[in-house]
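Dear colleague,

I am passing on the structure we spoke about, and below it you will find my notes on the parts I looked at. Please read them with the model open beside you.

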Amino acid sequence: MAFKNKLKKDLGLFDVFAISTGAMFSSGFFLLPGIASHYTGPSVFLAYLFAGILILPTMFSIAEISTALPRSGGAYFFLDRSLGPIMGTIGGLGTYFALMLKTAFAIIGIGAYAAIFWEVPTKIVAIVATFFFMILNLIGAKKTSAFQKVFVIFLLIILTTFIIDGFFSIFNTASINKESITSQFTPFFSDGIGGLFTTVGFVFVSYLGLTQIASIAEEIKNPERNIPLGMILSLVVTGLIYGLGVFLMVAVIEPTTLATDMAPAATAATQFFTWLPEKAGVLLMSIAALAAFASTGNAGLLSASRYPFAMGRDKLLPDIFSRIGRKGSPVIAIMFTTVLIILFILLLSEEGIVKLASTFQLLIFIFINFSVIVFRKSKIESYDPGYLSPLYPYMQVAGIVISFILIIYLGWMPILFTTGIVIMGLLWYHFHARGKVKREGAIFHWFALLGQNQDSELENELMTILKEKGLREGDPFDETVINSKISIYKQPVDFKDLLKKVSDNYSAALNLNYKGGIHKLIHSTPDESLISLPGVLVFHARLKEVLNPSMQIVISKNSIEGILPFDDDFDIKRPLHICVFLVNSDNYPKQQLRMLSRLLDILEREDIVKTLINMDSHREIKEYLLQNERFVSIKLKKGTPQSEMIGLQLKDTQLPSDVLVALIERNNKTFAPNGSTVLLKNDILTILGEVKSISKLYNTFMSYEIDD
């Protein structure tokens, strides 16, 4: 299944870090500590640290599934594809509401801190801010992320200064009474260990920015690196600032005052920043708070709007939500989300918002951890995460148990609300989506091990995602193309003769006999080993005798004659001109799938057959199959910049250290050179390397047309 409504991949590592971090530094730091201290007293800073540690299992699970399924919709998409569309509907609606509630809470904070300086209605300011973020999101995710990065850089500078100055003021100056600080921490647990656990669950919402990354995974470049690394960096930075910053608030604000303080960071700043003019510290922290609330509101609207977009694309919500505007953003989903956030701002209290958001998010965490177990047990080969959660399955079991315990401590009202969302999701699926959705989750593949049915559509979709993700760093696709054996037939050829030659080549190159090697390749069940495209057949297999990937390409100027043994059982799209054989080690099934996906992406190009049969040079064919920004082809001609290489040994050329001359074509023959190969006039060099170096070579040497 290919998606027609695809989002642009604009976001890099710092974008991931900024969106995640910016989504956490708002209510969690500037608004929540005072409310949270009501449940546990001075130990509230420990609750923040414990919450950051306890979210680790779920963070690892989210990172694994996000790198396997980088799709808009985050938790919804995970649950739908693992546990089926019913759970996808429940999880999607629930996470959507949780994100909107958290976003509403953050935007209310804008109004609360603005009221410190101006006599303005808190909720009116919040509504105006919501409309501003809506406009920003409609412009596009990259613009939104650029806005986010400015916020985060500013916040990190201010908060780091706040912490450094705070600890210096407490331990190295006489301006703060040390005895009074000691009394601030007594009693340390105002409501025992139970109160601490309640607070951990309560402040869990402070770390939900980590989950927002999953909802924009489709828009992240190189998700297999940037998602887990960005999440880990964000959690470490946020956890440290939360723990240290809240400790300072507890140290200098009287406990009963802290429990009712809606701006504790600004209150603490009144006793710090003595080196600045009077009230400058309060002003600075208030500006930082406004920036933090703005970043969370901005990132929250960005992430939350991807849930109705993804569910509309999957027909669980009306199709109108999946429409993308000219700027590449889901317009209707953003506008609908804006309206709901405004309703939450008008109707709910701050404490109620936090408890409701935390409870349902914890339930979703239970499902997400279970989803990792389901995907691994399903044995779907195209489930290919670029990051694997450590300590599987113990990490996932721990995540399930932790979330369940914290839900219990949050109380009955949030649990009843969560139950209501679950019932609403079930009813919506039954009356709206059930007849429109014809897929099942990976859990059916797990059941298949017990004799139940599995859903082939899911495997097809995961293969589509695998193709879109592309090769992983280290996959030897380019090397396999460079070393491939090419046979060009200008006269009519019979299938039997063609396969005999391929068999002989494999026998010589891989030390395989006919019965054990190529015979197994072409006589397997066709659905498992053969893919038919217009004019092209692709044979693929994994053999235990093979150590490294190997490829053979057969191109016939005339239609290939004869039939295959399974011609009657398989739809071969004739006339047939190209056969490609890809063999890999049985030890690397995921790598084989990624390389096969890349190969198919090339062979599905328009006019592929016409293009290849008009080529006579092996170098041209291989370059066409490589065709990306990591190679350049250079001809050594007199009167050009590269003429200086003529007569030199390859090892003596002044090429960048991170490039490789992979092929040389000389007198219509192609070979792989070594360091002592002497370069001659009219040699054509195929050079592979890092993008920047290849681009530099292209700009230096390719200011003219190559003619053969």
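The confidence score used here, pLDDT, is the predictor's own confidence in each residue on a scale from 0 to 100. This is a predicted model, in which local features need a pLDDT of at least 70 and side-chain atom pairs count only at 80 or more, whereas totals for chains, interfaces and linings use all residues. Residues are numbered from 1 along each chain as its sequence is written, and side-chain values use heavy atoms, with hydrogens and water left out.

The protein averages a pLDDT of 81, and 86% of the residues score at least 70. Over residues 1–5 the pLDDT stays under 50, and the model has 16 contacts (heavy atoms within 4.5 Å) for them beyond four places in sequence. The stretch 447–453 is also below 50, with five contacts beyond near neighbours in sequence. Where pLDDT is low, the predicted coordinates should not be read in detail.

Helices (H or I, at least four residues) and strands (E, at least two) are DSSP runs, numbered from the N terminus. Helix α7 (residues 85–117) and helix α18 (residues 331–347) have axes, that is, lines fitted to C-alpha atoms over the stretch in contact, with angles from 0 to 180 degrees between N-to-C directions; these axes come within 9 Å and cross at roughly 60°. Residues meeting there include Phe97 and Leu101 in α7 and Phe336 and Leu340 in α18. By class, this contact has twelve nonpolar, two polar and no charged residues (Ala, Val, Leu, Ile, Met, Phe, Trp, Tyr, Cys and Pro count as nonpolar, Asp, Glu, Lys and Arg as charged, and the others, Gly among them, as polar).

α7 also packs with helix α21 (residues 412–433), at an angle of about 135° and with the axes 8 Å apart. Among the residues making this contact are Phe97 and Leu101 of α7 and Phe417 and Trp428 of α21, and by class the contact has 13 nonpolar, three polar and no charged residues.

There is also an open sheet of five strands in the order β1-β4-β5-β3-β2, with mixed pairing (two strands pair if DSSP finds at least two bridges between them). Because β1 (485–489) and β2 (530–533) stand at the edges with a single partner strand each, one side of each is left without a neighbour in the sheet. β2 pairs with strand β3 (residues 536–543) in the antiparallel sense over four bridges, and Leu530 has Phe539 in β3 as its bridge partner. Helix α30 (residues 618–626) lies across β1 and β4 (550–556), running at about 120° to β1.
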